[in-house]
Amino acid sequence: MAPPPAASPGADYNPDRPNPDRPNPWVEVLVDCPQIQGLFTYAIPPHLPVAIGDILTVPFGHQQLGAIAIALPSAPPPDLSPSQIKAVIDIVNPGFFPRHYWDLLRQVAQYYCTPIMAVIRTALPPGLLGRSQRRIRLNAPAIPPDAEVFLRPAALQLLQLLRQSKTGEYSWRYLQQQMPTAQRGLPDLLQRGWVSSYLEPPSPPRPKQQKAVTLVRQPDPTEPLTERQRQLLASLGRSGGDLWLSHLLQQCHASSSIVTTLAKKGFVVIQERENLRSEAEHPLDRDQPKALSPHQAAALAYIQGLTQAQTVLLHGVTGSGKTEVYLQAIAPVLQRGQSALVLVPEIGLTPQLTDRFRQRFGSQVCVYHSALSDGERYDTWRQMLQGDPQVVIGTRSAVFAPLPHLGLVILDEEHDSSFKQSQPQPCYHARTVAQWRSQLAPCPLILGSATPALETWHQAFSDPREGHPPPSHYLSLPSRIYDRPQPQIRVIDMRQEFHCGNRSIFSRSLRNALETLRETGQQGLLFVPRRGHSTFVSCRSCGEALDCPHCDVSLSHHQPHGGARSLLRCHYCHYASVQPEQCPHCGSPYLKFFGSGTQRVTQELERHLPDLRWIRFDSDTTRTKGAHRALLTQFAQGEADILVGTQMLTKGIDLPQVTLVGVMAADGLFHLPDFRAGEQACQTLLQVAGRAGRGAEPGQVILQTYKPDHEVIAAVVRQGYGDYLAQELAQRSPLHYPPYSQLVLLRISSLEADRTAQVAEALGQFLTSRLPESVLLLGPAPAPILRVARRFRWHLLLKLCDPSLGLDWFPALELQQRCGPGVALTIDVDPLSLS
DNA sequence: AGCACGCCGACT
DNA sequence: GTCGGCGTGCTC
Ligand SMILES: [Zn+2]
Ligand SMILES: [Zn+2]
């Protein structure tokens, strides 16, 4: 490496005539504080090669924040005096982002009415945008023994609090939380020098630096080298001439002094290098591309013929081999030196799936999801930036994976609701963002599902209007692989069963089918639709249910392990408490515990079919980490005959030995107060039915219902999903529901009931004055569950009857400003759920 | 968002 | 008078 150029002592620093070697010494940044609009100018210290797109740490007010370098202006703003300009503290991450990456983020910000900084936050791995922390440290030697005498109460209390700390210090945040009067007590202690205050700088993840050894010269036999040295060089040569120092030493059982000597003699070089290790990969046996059915082959041929941005809807019935099409579509992408992005539902990211990709593509596969540690996520992210051809498999947020040469994007199970973010803004849908990525890259986008979302369907079959939305191409895989039949679906009218004197929750047909299961050694699933899905506790004396103290919902109880007292939990805010001795309303000690739907089913199984072995598979039994997977493995290994579960059963269970699927009461899916209820019910039933008969043995589905005439049931029986969607579309059109309109849900919440309602009202009034003609405002209305996690929630719903209008008129910023402190506003564009 | 500064009522 | 509360405005 060339030595740094020597500074010429005579050269005066002259801002008017910039040094050609160094670009302008100022940088305009966006600070990590979405509330603050606009750019801030900083000086670039000579030792930092700041470039546009870099992630920086800058001083801001009394703290240090993350920031993004946006521009390198030739001069600072004229209204800013040079003394006001502070210097950049550090470069956290050099920003060699792929072309169009910022365009993508801007597009997300604009469409979802979200400050660009909030979008950047979601796109970057967590922790990269750090901020400083103010900490207060005790200065013990300076404090006299009779300190108490001098101090007023607030200061004394603070001092005593600090004395509790093992390290003699606490973060200022923590102190303020512990005692509200901390603010008052601090100046006194600071003045006396008994405590000091300091800024702990942000600590973003750094790539792990490791020593690497590279062979630069082969020794010839005459060279005076020891045996150990020769061995080591030979070993290094066998490994391709390049190894991590630690690996080399381990391999040769040598000490580092040998390597140092070899470096001195000029045989090897030792360098510090980034070690971006992804998770430990056990090598898998490679598999070969499988033979395709004619439909698969046709779909693949179409996809491989694409050279431009193009959305493809791959509508493949359950068991039709979509994954094999994905795999074979990806292979040529990698061969061209490009990368592929595969997005899967949260629950679908199983070892089963990733192994399938690894078997085909080996170490070119990497997984990116929220369960990785911050460090692992950062390493993976950095690795993606390097641009080697690879397959990234991830959940929703992986749609922002910074892959420079993107050749293909796939959304598997594209109808899945986990692709939509609803919590912090931006409330983006990965499918929508993926379409933009596909256009910017440009590259094809495959949306795969057995039950495509109505929006996706509409896009594939509606008249292509002027580019908005981009029409997509429809590909169908209408039959299962190896010509396996679709499961036979039987609808059982439970009213009929009742008339015939069967009061059990199992129809005679289902009961028979369950009994045969034991004889044939096959397995079954029992699906319990969620409706009164969770447990609750109520008082036998006064009838009141035990409620969450922070939410307007009742608490669920969970089966104690080992006879301990029952644990009560809130599903909304994660409040937990031990079951009380008495009713908190009337003091009665007699409490009744109501079981969940799945619990009731397993109880009935015990009673009527005691020989059947079952596993309960619901949010209760899969709560702990890894339980989900463990239960599935148990089931797959035949440790039970039946899996009894809720919604979870519909996702990603691909077990060949399952031949029976029973739906306990489909009706629980219909009457939800949501315009998407029908669509979702149909998707759920088709998906769960599709779990049957995936192996050599044909499957059967027994669908119990009190409404056998319901249109959803009819569609499921006919396997006529497309017809159902056409029908649903016809219904939505006159009502101005999506996709014939665009919805925007404003969620307003705060800790105070009245204030929330007032702000909602005020925002509604303000919006009314700004409403374009084709836009309707509904509300304000309290959320279906008014209070969650101590916050009161109100909604405003905008209905854009002309979806091509867009949201350029929408005054997001002004609304945000009108909320005032303590009131949170979330703007959810295209909400999936209105609750 | 933090964190200053500054203005006002109610307690020593 | 000062203690303690909160509203307003700034951060390169
Ligand atoms: Zn009671
Ligand atoms: Zn709660």
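At 32% relative accessibility, Gln719 counts as partly exposed, because that value falls between the 20% and 50% cut-offs. That residue is a handy way into this predicted model, since Gln719 also has a positive phi of about 55° although it is not a glycine.

**Domains**
- Chain A is divided into six parts: domain 1 (26-123), domain 2 (133-200), domain 3 (209-274), domain 4 (294-482), domain 5 (488-535 + 595-731) and domain 6 (742-829).
- Taken over C-alpha atoms, the centres of domain 2 and domain 5 are 61 Å apart.

**DNA strand B**
- Around DNA strand B you will find Cys33, Gln35, Ile36, His62, Arg131, Trp172 and Arg173.
- Of the atoms of DNA strand B that come within 4 Å of the protein, 53% belong to sugar and phosphate.
- Sorted by class, the surface near DNA strand B has three nonpolar, two polar and two charged residues.
- For Arg131, an N or O atom of the side chain is 2.9 Å from a phosphate oxygen of DNA strand B.
- For Arg173, a polar side-chain atom lies 2.5 Å from a phosphate oxygen of DNA strand B.

**Zinc ion (ligand 1)**
- The protein donors here are the SG atoms of Cys539, Cys542, Cys583 and Cys586, lying 2.3 Å from the zinc ion (ligand 1).
- Angles among the four donor atoms run from 104 to 114°, and the site is tetrahedral.
- Along the chain, the donors of the zinc ion (ligand 1) follow the spacing C-x2-C-x40-C-x2-C.
- Cys583 counts as buried because its relative accessibility is 3%, whereas Cys586 counts as partly exposed at 40%.

**Zinc ion (ligand 2)**
- The zinc ion (ligand 2) is coordinated through SG by Cys548, Cys551, Cys570 and Cys573, at 2.2 to 2.3 Å.
- Cys548 lies in the loop between strand E21 (536-539) and strand E22 (556-558), and Cys570 in the loop between strand E23 (567-569) and strand E24 (576-578), so this pair ties together parts that are 22 residues apart in sequence.
- The arrangement is tetrahedral because the four donor atoms around the zinc ion (ligand 2) subtend angles of 106 to 113°.
- For comparison, ideal angles for four tetrahedral donors are 109.5 degrees.
- The donor spacing along the chain for the zinc ion (ligand 2) is C-x2-C-x18-C-x2-C.
- Cys548 is buried at 3% relative accessibility, and Cys570 is buried too, with a relative accessible area of 2%.

**Cis peptide bonds**
- Gln425 and Pro426 are joined by a cis peptide bond with omega of about 0°.
- Pro426 sits in the loop between strand E16 (406-412) and helix H13 (430-440).
- Another cis peptide bond runs from Ala441 to Pro442, with omega near -20°.
- Pro442 has its place in the loop between H13 and strand E17 (444-449).

**Positive phi and loop positions**
- Glu413 has a positive phi of about 55° although it is not a glycine, and Glu413 is in the loop between E16 and H13.
- With 21% relative accessibility, Glu413 counts as partly exposed.
- Gln719 is in the loop between helix H20 (711-718) and helix H21 (721-735).
- Gly501 is found in the loop between helix H15 (494-499) and helix H16 (508-520), and counts as partly exposed at 48% relative accessibility.
- Gly501 and Glu639 are 138 residues apart along the chain, and their C-alpha atoms are separated by 34 Å.

Note on methods
Residues are numbered from 1 along each chain as its sequence is written. Chains are lettered from A and ligands numbered from 1 in the order in which they are written. This is a predicted model: local features need pLDDT of at least 70, side-chain atom pairs count only at pLDDT 80 or more; totals for chains, interfaces and linings use all residues. Side-chain values use heavy atoms; hydrogens and water are left out. A residue is near a molecule or strand if one of its heavy atoms lies within 4 Å of it. A polar contact is a pair of N or O atoms within 3.5 Å; within protein, one must be able to donate a hydrogen and the other to accept it, and residues adjacent in sequence count only if both atoms are side-chain atoms. Ala, Val, Leu, Ile, Met, Phe, Trp, Tyr, Cys and Pro count as nonpolar, Asp, Glu, Lys and Arg as charged, and the others, Gly among them, as polar. Domain bounds come from an automatic or database domain assignment. Donors are N, O and S atoms within 2.8 Å of the metal (3.2 Å for Na, K and Ca); water is not among the atoms, so sites may look incomplete. Four donors count as tetrahedral if all angles lie between 85 and 135 degrees; four count as square planar and six as octahedral if opposite donors are over 155 degrees apart and all others between 65 and 115; anything else is irregular. Buried means under 20% relative accessible area, exposed over 50%, partly exposed in between (1.4 Å probe, protein chains only). Helices (H or I, at least four residues) and strands (E, at least two) are DSSP runs, numbered from the N terminus.
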